[in-house]
Structure formats: C-alpha cells, structure tokens
Amino acid sequence: MTDKQVVFAGEAILPAIGQGTWYMGENPGHRRAEVSALRAGVDLGLTLIDTAEMYADGGAEEVVGEALNGLRERVFLVSKVYPWNAGGQKAIAACEASLRRLKTDYLDLYLLHWSGNFSFAETVGAMETLIAQGKIRHWGVSNLDLNDMQALWQVPGGKRCATNQVLYHLASRGIEYDLLPWCQQHQLPVMAYSPLAQAGRLRSGLLNHPVVNEIARAHSASAAQILLAWVISHQGVMAIPKAASVEHVQQNAAALSITLSAQELTALDKAYPAPKGKTTLDMV
C-alpha cells in the first residue's frame, strides 16, 4: 500500500483506488469471477466498494453481498439510490432493499445517483433519517454539477454531503474548470467513475494513445494503470474502476504505486487538454 489515500467525512481514510461494480450481476455465469475479483481487491487494499440499486436491477448489490461474506468490517461500502426513490418513505424502503441484497445492516455511504424527482431538502431529510436509524453512516451525491452543489449547500444539512461521484478521466476533464476546484476548496472528496472511459472508441483512443503508452513503457506499466495514476494525481480524487477478474484488480491495485512526474503530467495535459471554459457535466 502507498500513501495515496483520500479522507472521507473527516474520519475514514481510504485508498485512492476503489472498486466499481457497474455491469456486475448481469450474467450468472460471471458471478463467481466477479465475487473473487471483489474479494481479491479487498485483500489488496482496495477496500472501498461502490455499487447501486440501478446496477443489474440490484444484481450487482447481490454480487457484492456475496463477496462481503467475512469481509464486511474491512470494507467501506457505498451504494446509490434512484432519484425517484430519494425522498420520504421511498428512500427508507430503497435503502432497506439495498441492505437486504448486500446482506448487511448498514452502508458506510449512500449516494443520490443523480438529481431529479425530489428536492434536495427532501433528499437530505431522508438521508439524515437513515443516519439516525443507523442504516447509513454518511451520505453524498453523484452526477451533480457546480450549480447543483451550490444549491445543495444552501439546504439545511446540505453541507453534510460527504462526496460527489462524477465521470472523470483524461479525455473528460470538464470538472477541472469549476466543479473540482470548488470541491477541493470545500474539502469534499470526488469519486471518479469510468476513470478509463466507457468501452468504445473513446476508451480505445485513450488506451492506444502514443503519449499514454510511452509513459506506460517508462513505468513498466499498462496504459490503463497510467490513466488511473493520472486520475488520482489530483488532490482529493479517488478512482473506482470496475474489475471483473482477479488479474484485472491486481493491475488496478498496482496503479497505486505509480507516481507520474511533472513532465509526464505536462505531456498528458498536451495530449488531452482541459477545457478553457464551462462544459456540460459528462454523464453515462
């Protein structure tokens, strides 16, 4: 383990790389490998596991629940609630359903998956009720841009938000213009989902970019490991890549030991420049 860590809610110290579970639980034939990958990740120090009621209609939470057997106390467990469940009794019921699938009696962190159906005041109220009931320890948000974060901050209790989980990778740097600096100013950790981009042309372009691969060769690393190292080089940012095999999770964990030089960071910046103005928040 390295010193690359992120402080959550002023108390939990977590590795800057965790484990995502998007697309897990969709194929029963992959379940054993997915469970093994998550358990191996915990053993390697990737102790944050992120999931959601949306993923495979709860199937990913069931995979995580199986993986947590005997490991729960070592894991910082995160799940997310649909916007249409993020208020009142719906939030209580949704959280309880997630807990049943996860085979645990509490979440370390519960996130609003994206904004929409309930007001921030209603969502904050529901989250605080869940804390009072002992069902969650902290709450946060996902896919909220700066204007939404500022609105949340004006709601009573809104400043108790523990994180904002957003899409962030080398080819999607829009948050650097205003959202990321605001979060850093408020010491609010950012969780980067899809840190290697989604599958397809964009991801292929990143993994095959000559600058990325030149740096990878210099570190005896893979392109994916360089991309993860780039994401977590930013203050207060952690990455939550999905790894559905033990080999893949081992590679992700090894990225914690990579420190990019100033020259390498400059080269990556030139290859994929940050936007010079406000852009729409990327979401997938």
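Reply: Axes here are lines fitted to C-alpha atoms, for helices over the stretch in contact, and angles run from 0 to 180 degrees between N-to-C directions. Helices are DSSP runs (H or I, at least four residues), as are strands (E, at least two), numbered from the N terminus. The model is predicted, with local features needing pLDDT of at least 70 and side-chain atom pairs counting only at pLDDT 80 or more, while totals for chains, interfaces and linings use all residues. Residues are numbered from 1 along each chain as its sequence is written, and side-chain values use heavy atoms, leaving out hydrogens and water.

Now to the pair itself. Helix α1 (residues 31–43) and helix α2 (residues 59–67) have axes that come within 9 Å and cross at roughly 55°. That makes α1 oblique to α2, since angles under 35 degrees count as roughly parallel, over 145 as roughly antiparallel, 65 to 115 as roughly perpendicular and the rest as oblique. From α1, the contact (heavy atoms within 4.5 Å) draws on Arg-31, Glu-34, Val-35, Leu-38 and Arg-39; from α2, on Glu-62, Val-63, Val-64, Glu-66 and Ala-67. By class, five of these residues are nonpolar, none polar and five charged, where Ala, Val, Leu, Ile, Met, Phe, Trp, Tyr, Cys and Pro count as nonpolar, Asp, Glu, Lys and Arg as charged, and the others, Gly among them, as polar.

Tyr-55 sits in the loop between β4 (48–50) and α2. At 6% relative accessibility, Tyr-55 counts as buried (under 20% relative accessible area, with exposed over 50% and partly exposed in between, for a 1.4 Å probe and protein chains only). Beyond four places in sequence, Tyr-55 touches Thr-21, Trp-22, Asp-50, Ala-60, Lys-80 and His-113.
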